[in-house]
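The paragraphs below go with the structure shown here. Keep it open while reading.

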Amino acid sequence: MRFERREQVSPILALVTPLIAVAVALLLAGVLIALAGAPVFEAYGRILTGAFGSRLAATETLARAAPLILTGLAAAVAFRARLWNIGAEGQLYLGAIAAAAASALLFGNLPGLIQIPLLFVIGAVAGMILLLIPLWLRLKFQVDEVVTTLLLNFVALLFVSMLIDTVLKDPMAFGWPQSLPVSPEAELPKIIPRSRLHIGLGVAVVLAFVVYFIQTRTAFGLQSRAAGLNPSGAAFAGVPLGRTLVLVAMMSGGLAGLAGAVEVMGVTSYVTTELSPGYGYSGIVVAMLAGLSPLGVVLAALFTATMFVGADAMSRSMGVPSYIADVTVALSLLSMLVAIFFTQYRIRK
Amino acid sequence: MSETVLDISAVSKRFGPVIANENVSLSLQRGEVIALLGENGAGKTTLMSILFGHYTADSGHVTVMGRLLPPGRPRAAIRAGIGMVHQHFSLAPNLSVLENVMTGTESLWRPWSDKARGRAKLLALSVKFGLKVDPDARLGDLSVGERQRVEILKALYNDAKILVLDEPTAVLTNIEAEQMFATLKDMARQGLSIIFISHKLDEVISTADRVIVLRGGRVVAERRAMETTKAELAGLMVGREVTRPQREAATPGAVVLQARSVTLREGGVERLKAVDFHLRAGEVLGIIGVSGNGQAALARVLGGQAEPSDGQITLFGQDFTGKDVRGVVAAGIGRIPEDRNHDGVISEMTIWENAILERLPDYTRRGLVDRKAGMDFAARIIEKFDVRGGTPSSRIGRLSGGNVQKLILGRNLIAHPKILIAAQPARGLDEGAVAAVHERILEARRAGTAVLLISEDLDEVMALADRIQAIVGGRLSPPVRPEAADARQLGLMMAGEWAMESQEADHAV
């Protein structure tokens, strides 16, 4: 058995591949559910009803998808240009604390129509700054950004932890380490009243289309793709590598920072160190599942959110540990990576 | 001496609709050197891959020393005494020479490897065949020529009796190539049998005993090397008469570019040392030299990728300093990079994207790429420069090397550049493509383009250049005229021996 590179990847194959990957992952996870002693089909049924079975469940799932779309876009944008931003989690926290602090201390009195977009920008800028540091180190001293962005996650989280225990501590929180809340004016309007589903989802979906447009239609998109695929070829053609990477980093870090701002303004209204259940890291999985396509990120984020919300409900009712969600998402990623290989190669005997 | 060691009999292989080999037969005698000659895509490499078990033939069979070789099993091929030296080396740069040679020869279950025995065997082979290597050198530190020697030694270490080399000179300098062919002939005298794949006529005639010409997957001719000529082989290989074009008398115009004592220092190394030269419209200046002597630095300075540390360049009488790549392209300087796959194109992107990338600002309206104009531009290049194998929206990586080069030439020449900097423009191309590239360069020269031709191929420079300068250790020799120079003198210049003749040459030009 050997592999031959396909001449061209057919678009149908590219679309069907993630579906096959997810199916394979569900099949494999099914084995584990059976091992845990639960009926497999019923368990999957419970996951689906848990995620979409009621209005509450469905809005919860969609609310979960919003930050995942944003961190997924952050990873997809960076990875396209071969900028390995593993630091979306830290950028998310910095974006969240910046938005909370700006609202609580500076702009709390501004009307929502002005304050909300302003806080979005502030959150995004905070995320950008945290990614520009490792980028500067890479451009100046060739320091590997995989290491720096990853480690800055811990720096950022500890920094936030310090802030919410000191200068930004909420005096009304009975001593709990949580930040001052955003002003009521800054809370994101709900798409469906009396749910947690806020307009952040709309913002994320619109941004997915914006990123898609930038990548496929603009000169910057073409240059960043060239810089990622073949830096020396791009340099020969006059693509300014440094400037392109700076812009890519600003988009990527900005999207991750925005995810934090959206989460704090839409869901919690204050920052704790438990604001994100690993949205930054899951964003990497989402981006890979989507094959780095910005529109695919929306679907991949929905799938991931479904698994997490649904598996919670399933574990409560069937006694299967909710880790099955993590396992399934991880298995999907693995089978997706294998599937991507098969979209590019065919088997020959 | 007529002991047949290898017999390939009626081998056919198809890849889908493509015929790679059809009914190919050949036999190899002990101590014989055969050249497999053919253009890119003629089926040479496929045939050798079948021999080595990488592919399985659809029909036909291979016998080695009278025994049938089981198909599709590289291990069986190695055991039968076939050694393959690949075009792209299959060695590990982080291991030593000895470790590389021994890899794969010992069972993985042995608790430790018998390095002393390996070393003794390697040194014995190295002496016997005159292949000098240091067994303890890290492979990554060796030159390309030395790595090839290691690759050959590795085959010999496996007790190869039949050595197969896939385009052995594609990566070597002229001098390294000559040395290697001398070694191959010596090996044949000592009883090894050798097949080498090539599309270079000179080396085929000078080294092989027999030449087998493949075209379109079939054997079209077999000649004794003594009884054939370059012209005949070229005709057989391409299937029609191919003659490389020759330049006609020049009508040089004004000086368009003048470099005065240009120096380039990078990381403490002087890549260019006080270099002087000028380019005139409608004229080709050839820069010869063994690669690694500053050619790349020269191309980068003129292409806007590096700023001279010292000296001055004037372009059309104006200061050139501070121009980046886009500025250079906009000023009418065309560039053909030495390494077309690494620098010239981005193989995962489409043909039209590659066509416009270096002039992207011209195809951008308010930040958006004008896709239609880009596609039109690519379509014009494809039509005018006879680029085959793809449409504007197909991936450029699908094209053959010759067609990639035609596209690169096209994207430069279609805009009628005032200056063309061509680095190794025909390297690695087959004879038909070489002729096409040379014709295009001469066409541009006729149209008044000033061409700087950087090349290691003396035939190429002699055929195209109006003046020749040699580059050695970052210094340029004074120019000579090709009519006034022979290969010996150019060879001396490439070795840096021009000091005594410089006075004379200066007056001559």
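**A walk through the model**

R82(A) is partly exposed, with 15 other C-beta atoms within 10 Å; a residue is called buried if 20 or more other C-beta atoms, placed from the backbone, lie within 10 Å of its own, exposed if 12 or fewer, and partly exposed in between. This is a predicted model, in which local features need pLDDT of at least 70 and side-chain atom pairs count only at pLDDT 80 or more, while totals for chains, interfaces and linings use all residues. Residues are numbered from 1 along each chain as its sequence is written, and chains are lettered from A and ligands numbered from 1 in the order in which they are written.

R82(A) sits in the loop between α3 (55-80) and α4 (88-107) of chain A; helices (H or I, at least four residues) and strands (E, at least two) are DSSP runs, numbered from the N terminus. Its phi is near 55°, a positive value in a residue other than glycine. Most residues other than glycine have a negative phi. In chain B, D159(B) also has a positive phi, of about 60°. D159(B) lies in the loop between α5 (144-157) and β7 (162-166) of chain B and is partly exposed, with 13 other C-beta atoms within 10 Å.

Chain B is assigned domain 1 (4-238) and domain 2 (255-339 + 417-508), with bounds from an automatic or database domain assignment. Their C-alpha centres lie 36 Å apart. Across the boundary, 10 residues of domain 1 are in contact with seven residues of domain 2, contact being C-beta atoms, placed from the backbone, within 7 Å. On the domain 1 side, α6 (174-189) and α8 (230-238) each supply at least two residues, and α8(B) gives the most, with three residues. That side divides into five nonpolar, four polar and one charged; Ala, Val, Leu, Ile, Met, Phe, Trp, Tyr, Cys and Pro count as nonpolar, Asp, Glu, Lys and Arg as charged, and the others, Gly among them, as polar.

Further along chain B, the axes of α14 (residues 401-413) and α15 (residues 431-446) come within 10 Å and cross at roughly 10°. Axes are lines fitted to C-alpha atoms, for helices over the stretch in contact, and angles run from 0 to 180 degrees between N-to-C directions. α14(B) and α15(B) are therefore roughly parallel to each other, the term for angles under 35 degrees. Among the residues that meet are L409(B) and L413(B) in α14(B), and V437(B) and R440(B) in α15(B).

Between the chains, 22 residues of chain B are in contact with 17 residues of chain A.

How values were computed
Contact = placed C-beta atoms within 7 Å. Parallel < 35°, antiparallel > 145°, perpendicular 65-115°, else oblique.
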